[in-house]
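Here is a short briefing to read alongside the model. Have the viewer open and follow along from point to point.

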Amino acid sequence: MGSFFIEFRDPLFSIIIFFSIIFVITFISYWWGRYKRKEDNKDIDRFLKQFKTLPSKNELKVLISSGELSEKSWLLLANSYYKNGDYEKAIEIYNEILEVGKGTNSKETMFLLGKTYFRAGFLERSKQIFLEILKKYPRTPEALNYLLLVYEHMRDYKSAMDVLEPLDELGEDISLEREYLNALMILNDVKMEDETKVQKLLDIYKQNHNLIYMIFEYLFRVNPQLAWENLDHSKVDVLVQVLWNLRSKDLNLDIISKSGYLRELYSARGDISLAKSSSIFELDILIKLEKKANATLGFEYVCSSCKGTYPFAFNRCSACHAIDSATIEISLSRDYMREFSEESNSFQ
């Protein structure tokens with residue numbers, strides 16, 4: 001018995017007991033933590049599960065009016081749906097916030113609702129929302145800008161022009177918007193003759209040399225000779241896809257021979273042999289190939305404002321709505337049209 005108490009008083013025994021207690025506490029803490037995290041995740045999953053499918057209008061009204069989530073939280077949830085392209089859910093939430101909410105963020109909520117309607121393609125509803133905002137809060141440039149976009153998409157250019165006046169009074173720079181809308185009105189006027197359109201578009205271009213792609217893409221389709229005569233050689237790179245796709249009969253060799261860029265471009269295409277190399281890699285490769293391979297130029301457009309990338313040309317960026325912000329990037333790609341033409345000839 002005395003030997004037992006001697007062992008109990010042994011320092012090594014005390015150390016073993018100490019570390020055993022630490023191990024037990026650590027073990028219990030670890031598994032308790034895992035259990036709590038699992039339970040918390042279940043609570044979160046249960047909360048989010050109700051949003052995997054759209055609640056009914058009455059259910060949504062109960063959820064919002066219950067106050068379990070703040071109005072700001074509902075706005076953030078709606079915005080996440082908007083960013084994911086789930087506009088239906090975002091619209092339902094915005095509408096219920098306006099109906100049962102406290103109205104502390106009614107202007108912001110109405111603006112977001114109008115913006116979502118616009119993105120979803122409900123232009124008439126979007127228009128009514130922005131008009132309602134402007135009725136209550138006239139000095140709201142954000143609502144005016146979106147109302148202008150709505151009218152533009154509805155092709156109601158006269159109403160869009162009317163929106164420019166209050167924007168001007170609010171100190172917004174509307175010069176480019178005015179030129180752009182004037183050009184759209186001309187291009188979409190079915191009663192106006194092509195030659196009249198050409199002259200009016202040239203008048204717009206000569207004022208500030210803006211909207212180069214928008215105007216010259218039309219000019220090269222309707223009157224290539226006049227387009228060549230008015231083309232600014234320092235900005236031809238903006239029109240490289242238009243120029244690359246021109247028919248051989250529409251080329252003006254006198255003008256092309258005076259421009260280094262144009263000589264390289266059409267030497268790469270194989271129409272002329274006035275350039276033996278180019279500082280532009282893609283053109284240099286095509287010049288060296290001398291049409292011995294199925295290669296051509298590919299085109300990609302980048303918005304200089306928001307850096308959005310598109311496979312096609314645009315006059316107004318669909319993401320940030322900037323006008324005349326497209327810059328073009330060229331690449332080498334396979335010439336499928338040439339392959340198709342060769343295959344068609346082989347069957348004849």
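Tyr 146 has a relative accessibility of 12%, so it counts as buried (buried means under 20% relative accessible area, exposed over 50%, partly exposed in between, with a 1.4 Å probe and protein chains only). This is a predicted model, where local features need pLDDT of at least 70, side-chain atom pairs count only at pLDDT 80 or more, and totals for chains, interfaces and linings use all residues. Residues are numbered from 1 along each chain as its sequence is written, and side-chain values use heavy atoms, leaving out hydrogens and water.

**Aromatic rings**
- Phe 130 and Tyr 146 have ring centres 5.6 Å apart and planes at 20°, so they are stacked (rings of Phe, Tyr and Trp, its six-membered ring, pair with centres within 6.5 Å; planes under 30 degrees apart are stacked, over 60 edge-to-face, the rest tilted).
- Phe 130 is buried, with a relative accessible area of 0%.
- A search of the whole structure gives 12 aromatic pairs.
- For Phe 118 and Tyr 146, the centres are 5.7 Å apart and the planes at 85°, so this pair is edge-to-face.

**Around Leu 243**
- Beyond its neighbours within four places in sequence, Leu 243 has contacts (heavy atoms within 4.5 Å) that include Phe 220, Trp 228 and Arg 269.

**Phe 27**
- Phe 27 sits in helix H2 (residues 11–49).
- Its relative accessibility is 46%, so Phe 27 counts as partly exposed.

Technical notes: Helices (H or I, at least four residues) and strands (E, at least two) are DSSP runs, numbered from the N terminus.
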